[in-house]
Amino acid sequence: MDSLELGVVGNGSIAGLVDEHGAYAFLCLPRFDGEPVFDALMGGEGTFAVEMVGHTRSEQTYIRNTAVLRTTLHAEGGAVLDIYDFCPRFSAKGRTFRPASFVRRIVPRAGTARIRVRLKPTDGWKGGELRMSRGTNHIRYSSEDGSRFRVTTDAPISYVLSETQFTLDRPIHMVFGPDESLSDATDVLARDWEERTTDYWQEWSRRLAVPFEYQDAVIRAAITLKLCVFEETGGIIAALTTSVPEHAGSQRNWDYRFCWIRDAYFTVTALNRLSSVSTLEYYLRWLRNVAALTDGGHIQPVLGVGLEMKLEEHIVDRLPGYRGSPPVRRGNQASEHIQHDVYGQVILGAAQAFFDRRLRAPAGETDFRLMEKIGERAFAMHDQPDAGIWEYRTRAAVHTSSVLMCWAACDRLANVAEHLGHEDRRAYWHDRAETIRATIEANAWSEEKGAYTGDFDGGYLDASVLLMCEVGYPQSDEERERFRRTVDAIDKELREGNAVYRYKAADDFGKPKTAFTACTFWHVDALIAVGRKDEARALFEHVLSRRTRLGLLSEDMDTETGELWGNFPQTYSMVGIINSATRLSKGWSEVV
């Protein structure tokens, strides 16, 4: 793989990445953080490709407002075919049908197409070929650990197994999923599932409260975020991939297929802005379990989507890595970190549920008591060193963004207490929030830098302090002026062209060489907050221009070439599209 021009298909149980020529580059089973079946993205042999004889060019689009992907292949002589990929998702028998399955339909459109199907699943992280057995209309694959799946198809199985070229004289259908017989003929089932999945996504998109401007970008971002929600538990992963480096040879290769409470909060907030409250309901269930599991104690910043706490990090030596840039990692050491901002992120993620009357099960007194335990932990830890939002591996400090989120925890608890009629608790949490505010003002402001700095008494700038406007921190005239000066300082020191770095100080791996795309969006929002809306719009539209052809963004961007790096698609970045577009857009009442 040499590009992140990848389409994403998924259904809330699994997700796969398909390259612009119609080959699966990455897919894990039985869920997002499972073993890879297709690992070509990491330089492995696992893939599912349709190769067209005489192929000349490809196009890739989504069926409008859906997660149904269409890849069109053209060949010499005018032959054209379409490949439709999707993971089934629709309502059936009173529940959401979202099996660990995907469907591929290969449909001739013009001329006489000759193709070769290459179906090469791999045996997870250890690699090697899976055991294969042939049925009348299916191929079964099994691993030594007992896991099995099958591909049921009306294509000539002999041609598929031998990778023989054949003429595509009719549509063929391939259903990849559990080792179970299908309930109907493959073609009938595939077409029915595609129609119902298309209907589901278009109806879901239709209910979004999108801004007037940038509608297509926002809808695609929202669908992509939805694909990162593991609905069985409500956990939300940071990205669908592992080990796409922040830049070539950087060693900054991480596994993002887990639920960072911080990232999940931003995802929920962005979808809430579009009135998609179902994600909040799923996530609230997950948060309730986190709160109950930790019971006022330490909360680790990242967990598995099934609340797994041990995410031990390993290097997979057999895989050469994306574009030959190792290491490939599974698991993430960040699960062992101390990151105090997590307490604020939990409470921020749950706060709306106390006020939103649309929810089937809004948060109440029991939830408030759980959240108060987390608030106590936030207050106790607010001035203590941690690894910070950027998860430094070899040093600790009192990071301003962590203290800020501890303030937000206490501030929101005061709001919730007032809503519930607990005046004594409102006063209690308000006082604690003001104590933390005084700590920030005394220790995070640098007259030398003319800005809030990345850590207490530090001398470096960090874009994470821009989140002050996101959580409503600047309230007094002095704080608003300090924030304005901070935005100016970051604009001068951390911005290069049309991208903003997290920081420029050296970290565990040296100085960063690519900009963190979410920080660029935070800067857009900060520019809006200080009245520089025209500059914000120009910056925002430049970032939009750097998206993939399908409208997706990864974690990082090369400031010189605009090339995308880092895990993909990154929820942080897709959140930025929604938040900034919503703030920049004209109101509907202004134009209709």
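The model described here is predicted.

Valine 592 is located in the segment that follows α15 (588–591). This residue counts as exposed because its relative accessibility is 70%, and the cut-off for exposed is over 50%.

## A buried arginine

Arginine 252 is found in the loop that runs between β19 (235–236) and β20 (259–260). Its relative accessibility is 4%, so arginine 252 counts as buried; the cut-off for buried is under 20%.

Leaving aside residues up to four places away in sequence, arginine 252 touches Val244, Pro245, Glu246 and His247, as well as Arg502, Tyr503, Asp507, Phe509, Gly510, Lys511 and Pro512.

## Helix α9 and its surroundings

Helix α9 spans residues 423–443, a run of 21 residues. From its first C-alpha to its last it reaches 30 Å, close to the 30 Å expected at 1.5 Å a residue.

Several residues of α9 are buried, namely Trp429, Arg432, Ala433, Ile436, Arg437, Thr439, Ile440 and Glu441. The helices against which the buried residues of α9 pack are α7 (365–381), α8 (400–420), α10 (467–470) and α11 (477–493). These buried residues also pack against the strands β24 (445–446) and β25 (451–452).

## The annotated domain

An unreviewed UniProt entry lists residues 214–580 as "domain: GH15-like". Over residues 214–580, the chain is 46% helix and 7% strand.

Definitions and conventions: Residues are numbered from 1 along each chain as its sequence is written. This is a predicted model: local features need pLDDT of at least 70, side-chain atom pairs count only at pLDDT 80 or more; totals for chains, interfaces and linings use all residues. Side-chain values use heavy atoms; hydrogens and water are left out. Helices (H or I, at least four residues) and strands (E, at least two) are DSSP runs, numbered from the N terminus. Buried means under 20% relative accessible area, exposed over 50%, partly exposed in between (1.4 Å probe, protein chains only). Contact means heavy atoms within 4.5 Å. The expected span of a helix is 1.5 Å times one less than its number of residues. UniProt positions are given in the numbering used here, feature names are shortened, and annotations may be inferred rather than shown by experiment.
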